[in-house]
Amino acid sequence: MISLPVGELEFHVFVSIALFAIGAYGFLCKRSGLIALMCLELMLNGVNLFLMTFSKHHSSPDGASLFLFIVLVAAAEAAIALSIFVILSRRFGSVVLDDYRRLKG
Amino acid sequence: MIFEGLRWILLAPLLGAVLNGVILQNKSAKISGLVATLASLVAFGFSVVACSQLSGLNSAPEQNFLIDPLFTWMSSGHVYVPFNLELTSITSVMLLVITGIGSLIHIYSISYLSEEESPWRFFSYLNLFLAAMLVLVLASNLAVVFLGWEGVGLCSYLLIGYWYKKPENTAAGMKAFITNRVGDIGFLIALFVAFSFFQTGDISRLAERVNDYAFLSSGVPTWAWYTFAGSLLWAATAKSAQIPLYIWLPDAMAGPTPVSALIHAATMVTSGIFLICRVWPLFAMSPVIVDAAFWIGMSTAWLAALIAVSQTDVKKVLAYSTVSQLGFMFVALGAGSPAAAFFHVITHACFKALLFLAAGSVIHGMHHKQEMSLMGGLKDKMKITHVCFLIGTLAIIGFPLTAGFFSKDMILAKVFAAQGVFGYILLLGAALLTAAYMFRAYTLCFWGGARSEYAQKAHESDPLMYMPLVVLAFLSLFIGWLELPEVFGHFTKITDWVHSSWYGVGVGEQAHLSHLAEWLLMLITSVLSLTVAYYSFKIYQRNPEFKILPEPLHKWSTNKFYVDEAFELLLIKPSMKAGRFINRISDETTFNGLANGSFRFTRLSGRLLALFHTGSVQTYAWHFVFWSSLIVGAIFLWTL
């Protein structure tokens with residue numbers, strides 16, 4: 001494998017941190033559950049980019065293989081989370097996270 | 001020699017106890033009694049076989065015993081305790097007494113307990129007692145002896161409290177147990193000394209230590225010998241009911257009468273004397289302790305006899321008489337003659353068991369009334385019981401040629417030889433008191449007119465009850481012939497047996513008396529005892545209310561010299577107070593505080609943590625981000 005050109009590494013790291021930060025902000029602050037879910041995916045992808053960057057940088061397949069696992073798990077997680085939201089929205093008539101407070105029992 | 005039959009002597013009663021107590025619960029007295037008696041008879045049979053094996057051995061005194069190695073109980077460093085059973089000649093006599101008299105008392109109990117609610121409980125305990133007592137006498141190691149020592153204490157407690165619905169019975173049981181625990185401390189200390197200074201708990205090896213010059217010169221401190229003997233004596237004063245720990249025995253009469261006969265007269269209470277006889281070579285290394293045994297025995301013999309003369313309950317008279325006779329045995333030990341002590345153990349087991357069983361027969365015939373003031377004139381209604389009681393009485397006061405005559409005469413002669421005229425006269429006084437109170441009890445029970453309707457309606461017990469009496473009466477008459485004074489010919493079975501169980505370690509007996517002195521002592525003792533007995537008999541026939549002691553001695557005597565009250569005031573109340581104080585500062589303050597504190601801490605932290613539990617997913621996410629970045633930041637700063 002060929003490692004990244006000089007200057008590319010910093011750019012990629014910056015982009016992945018930015019993706020993660022945007023995702024985290026959205027997950028913490030947006031009221032809609034669906035947006036929170038999307039932001040969750042954004043965070044995951046930020047991490048994925050990070051992994052791929054360093055995999056390339058070190059010419060090692062470790063990060064790339066971890067990336068594959070994460071994509072796999074993220075797909076499953078998205079499927080389950082969406083179906084949960086379908087059931088929740090039927091029950092509560094809303095997808096706003098604050099409306100689910102009585103789930104605390 | 002190895003003889004594996006010894007374990008069955010032990011296992012048979014143990015099996016009987018389990019069978020009655022666990023498997024065959026709630027059976028009638030006949031079935032439970034039969035099982036228990038069979039177990040006891042099997043043990044007796046094996047004992048007879050073992051004893052004949054032992055007497056067949058003709059080896060040197062060092063090997064003159066049977067051994068049954070069972071298993072290793074503990075092994076740690078130089079503390080090695082094998083669970084071995086061992087039969088020496090002194091043990092064999094004890095074995096026959098325990099299983100033989102034990103079997104008779106089992107048979108007697110079948111009838112005595114026929115109207116009880118839960119006789120199976122009684123028979124289970126009784127068998128368990130036999131097993132524990134057999135461990136005590138057969139064990140070859142002091143640590144295993146201690147197991148039996150505790151076991152008989154437990155069974156004694158269980159049987160005293162057999163009628164547990166009466167609170168005074170359970171109190172008597174607890175008193176016996178606690179008093180014995182106080183004595184057990186002595187046993188434990190002796191055990192520690194044996195293991196740490198003599199480096200063995202094995203009785204035979206302990207005895208050999210006395211002759212082992214390499215060991216003696218290796219610098220064992222003198223106080224170790226004294227501590228060993230002294231603490232063993234302390235343990236014996238509890239088990240064998242001597243001053244100051246005798247107080248439990250009279251109260252132990254709350255149990256059924258067969259129990260009083262077996263445990264509190266014939267076997268368990270003699271185990272202290274038996275133990276000292278077994279380790280005599282070591283015990284005799286501390287002359288001060290031997291002298292202490294003499295004076296403890298003497299004062300107990302006197303005190304108990306003085307109390308016995310004024311008791312009105314027939315079982316109480318016999319109980320104090322037992323304490324007094326045990327005092328005689330201690331006096332014999334103190335006079336340096338374990339053989340005389342052991343001889344009296346054996347004869348006393350026979351005649352005191354007889355007296356208790358006969359008294360039990362009277363009590364049974366009187367519908368469980370024990371007061372002698374309610375009896376009288378029973379000699380025509382209970383002929384066999386009357387004759388047996390009379391034989392027992394004659395034996396205990398030392399009527400010529402009965403069992404008690406030989407053993408008591410031997411003790412008196414040894415005391416005369418060891419302590420001179422003064423000791424002899426003191427002990428003779430106690431013996432004369434025996435004659436007085438025993439004939440008082442006998443006359444009040446069987447002579448004169450019936451003093452209550454119970455006495456008028458009294459009836460002879462059934463054969464199951466009087467047959468054991470007859471056997472014991474026979475023994476009480478003739479068992480004394482095992483050891484005759486020198487003037488009667490040289491027949492000294494008991495002395496030989498006792499001496500041969502010290503594994504060849506010889507301990508010299510002190511100077512012998514001349515024949516003339518022996519005759520004279522015998523004559524004086526017999527004539528005086530019989531005179532006192534005769535006057536006691538005559539006086540109590542005419543006046544059942546007669547007081548032997550002048551006032552105020554009589555009043556003190558009826559109140560047992562206020563010993564119980566003194567104990568209450570000096571020991572029990574202060575220790576109760578101390579206990580409550582410790583309870584307050586340790587249990588209620590410290591431990592309750594710790595327990596409640598941990599509960600309060602958990603509750604408070606729970607309440608605080610519940611504040612975070614809002615139900616809002618995003619709050620949780622905020623917490624997660626905040627705390628994890630805090631931790632990651634901390635680690636980052638730490639590794640910087």
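# Close-up views of a predicted two-chain model

**View 1. Helix H1 of chain A meets helix H25 of chain B.** The axes of helix H1 (residues 8-29) of chain A and helix H25 (residues 617-639) of chain B come within 8 Å and cross at roughly 140°. That angle makes H1(A) oblique to H25(B); angles under 35 degrees count as roughly parallel, over 145 as roughly antiparallel, 65 to 115 as roughly perpendicular and the rest as oblique. Axes here are lines fitted to C-alpha atoms, for helices over the stretch in contact, with angles running from 0 to 180 degrees between N-to-C directions. Helices are DSSP runs (H or I, at least four residues), numbered from the N terminus. On the H1(A) side, look for A:Phe27, A:Leu28 and A:Cys29, which meet B:Gln618, B:Ala621, B:Trp622 and B:Val625 of H25(B); contact means heavy atoms within 4.5 Å. Sorted by class, this contact has six nonpolar, one polar and no charged residues. Ala, Val, Leu, Ile, Met, Phe, Trp, Tyr, Cys and Pro count as nonpolar, Asp, Glu, Lys and Arg as charged, and the others, Gly among them, as polar.

A note on conventions: this is a predicted model, in which local features need pLDDT of at least 70 and side-chain atom pairs count only at pLDDT 80 or more, while totals for chains, interfaces and linings use all residues. Residues are numbered from 1 along each chain as its sequence is written, chains are lettered from A and ligands numbered from 1 in the order in which they are written, and side-chain values use heavy atoms, leaving out hydrogens and water.

**View 2. The interface of chain B and chain A.** Eight residues from chain B and nine residues from chain A take part in the contact. Together the two chains bury about 890 Å², 60% of it on carbon and sulfur atoms; buried area is the accessible area (1.4 Å probe) that two parts lose on being put together, summed over both. The side of chain B that touches chain A has three nonpolar, five polar and no charged residues. Two residue pairs are in polar contact across the interface, both at pLDDT 80 or more. A polar contact is a pair of N or O atoms within 3.5 Å; within protein, one must be able to donate a hydrogen and the other to accept it, and residues adjacent in sequence count only if both atoms are side-chain atoms.

**View 3. Helices H2 and H3 of chain A.** H2 (residues 33-58) and H3 (residues 62-92) of chain A have axes that come within 9 Å and cross at roughly 175°. The two helices are therefore roughly antiparallel to each other. Among the contacting residues are A:Leu37, A:Leu44 and A:Met52 of H2(A), and A:Phe67, A:Ile70 and A:Phe85 of H3(A). This contact divides into 16 nonpolar, four polar and two charged residues.

**View 4. Helices H17 and H18 of chain B.** H17 (residues 383-397) and H18 (residues 403-446) of chain B pack at an angle of about 155°, with their axes 7 Å apart. That makes H17(B) roughly antiparallel to H18(B). The residues that meet include B:Phe389 and B:Leu390 in H17(B), and B:Phe405 and B:Tyr442 in H18(B).

**View 5. A salt bridge between two loops of chain B.** The side chains of B:Lys165 and B:Glu117 meet in a salt bridge (3.5 Å, N to O). B:Lys165 sits in the loop between helices H5 (142-160) and H6 (167-197), and B:Glu117 in the loop between helices H3 (89-112) and H4 (119-138), 48 residues apart. A salt bridge is a side-chain nitrogen of Lys or Arg within 4 Å of a carboxyl oxygen of Asp or Glu.

**View 6. A cis peptide bond in chain B.** From B:Ile243 to B:Pro244 the peptide bond is cis, with omega near 5°.
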